[in-house]
Amino acid sequence: MLTKFIVPAAALSALGLAKPFNPSPARTLDQLAVGTWLENIAVRPNGDLIATQMAPEALVYTIRNPTGKKTQLEEIASVPAIQSIFGIAQVPGLDEETFIFVGSNSTGIGAPVTGTFSAWKVTFTTDCDTKVEVEKISDMDKNSAFLNGVAAIPGVSDALLVADSTNGLVGRLDLASGAFDTTSFVFDEMLPVEGAGLPVGVNGIQVHNGYLYFDNSYQASIYRIPITDDGFLVEGATPELVVDLSSMASFLDDFAIDAKGNLFAASNFDNTVLYHSLNSGESRIVLGSPSELIAAGDTAVAFGRGKLDQNILYIATTGAIANPVNGTETEGAGVVALKIHV
C-alpha cells in the first residue's frame, strides 16, 4: 500500500516565494514504466551512470555516455535474492572498479523487512563495458531496520559507512569480513522525528573535508560531525547543524557535495532539488516544485565526472508514485540531467 504524503502549507508558501536558481532547462535522460522507483545514483570513473531500483524489484541500471544525444537506462544486474536496493557507493583505491550497495526484502514501498538486509559488491569487468559481477558480502546486522544511504571514506578501501534510517545510526561496514559495526555513529539527531510519515531519520550521508555529513529526512535538516582520516568518530565530537531547510521542503532524501562546498539535496515528496552553499550559507530551490513533474519524487543526486559534465547534476526519480503531483499525476522513474551554474 502506498502512503500519501502531504506537503505542509508553510513549505508550499516558502516554495512559492523561491526565486529560480538556474535558467538552464533540465533534460530527462530516460524513464522506466510507471510504478518503478529509482532510489540512488552514482557515477562511474568513465562517466557512465549507475542507478539502483527499490521497486518493484531489485535491479541495477546504467546510462552509458549520459552527455550523448541518445541516452537509455539499461539493466545490468538483477538481484532476485532481495526485493529492494537502496544506497550505493564506489569503493576508493581498488584496482578493480567496485561499488557496494545495500538491499532487503520489503512489504511495500518504503517498508523494508527488519533482519533481511544484505550488502552486495558490484565489480565492473572492463572500463567501458556494462558487464558486472555481483556478489553478496554481508548479511548485515539482524536488527538492521532500514539501511539507506551508503558513503565512501576517501582513501579507505576496506570499509564504508551505511545509514540505518529507522534505528537512527550510521554504521561501519568492514568489506573483508562483512562485519557491520552499528555503534560507530549513534546520535539523537539521527533518529526519526515523532509522528513522521515513515520511520526515517538519517537518510543521505556523505564524507567531505573531514566531516561526516548526514540529513534527517523529516527535519529537512543537514548536520555534520568531525571524523578521522580512517572514518572513525573524533573522540567526544557531537553533531552540529549545518542548515535547516524545512522552510523550503518537508522532507530530504539523499544529497551530494561538490569540491567547492556546494550542497544539492533531493526532496522526494516535494519534487524539488535544493541548493545550499557551505561557504556563503545561501540556500534556494534549483529545480522543480510540488506542482511539477520535472523532478517528480527525486531521491538522489550525483555530479558528473567527465570533462563534459562536471557542471551537470544527475537526479534519480520515482515518478512521484508515493505522493502524486497535484494528487493524481505520476510518471515512470527516471534520470534527469540539470546544468548547474554556481
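**Exposure and aromatic rings**

Analyst: Let's start with exposure: G93 counts as exposed because its relative accessibility is 76% (exposed is over 50% relative accessible area, buried under 20%, partly exposed in between, with a 1.4 Å probe and protein chains only). G93 sits in the loop between β6 and β7 (97-104) (strands are DSSP E runs of at least two residues, numbered from the N terminus). Keep in mind that this is a predicted model, where local features need pLDDT of at least 70, side-chain atom pairs count only at pLDDT 80 or more, and totals for chains, interfaces and linings use all residues. Residues are numbered from 1 along each chain as its sequence is written, and side-chain values use heavy atoms, leaving out hydrogens and water.

User: How many aromatic pairs does the structure hold?

Analyst: A pair of aromatic rings is described by the distance of the centres and the angle of the planes. Rings of Phe, Tyr and Trp (its six-membered ring) pair if their centres lie within 6.5 Å; planes under 30 degrees apart are stacked, over 60 edge-to-face, the rest tilted. Here there are 10 such pairs. One of them, F86 with F146, is edge-to-face, at 5.5 Å centre to centre and 65° between the planes. F86 belongs to strand β6 (residues 84-90), while F146 is in the loop between β9 (132-138) and β10 (147-152), 60 residues apart.

User: Which rings form a stacked pair with 15° between the planes?

Analyst: F214 and Y223, 5.4 Å centre to centre. F214 and Y223 are buried.

Definitions and conventions: Helices (H or I, at least four residues) and strands (E, at least two) are DSSP runs, numbered from the N terminus.
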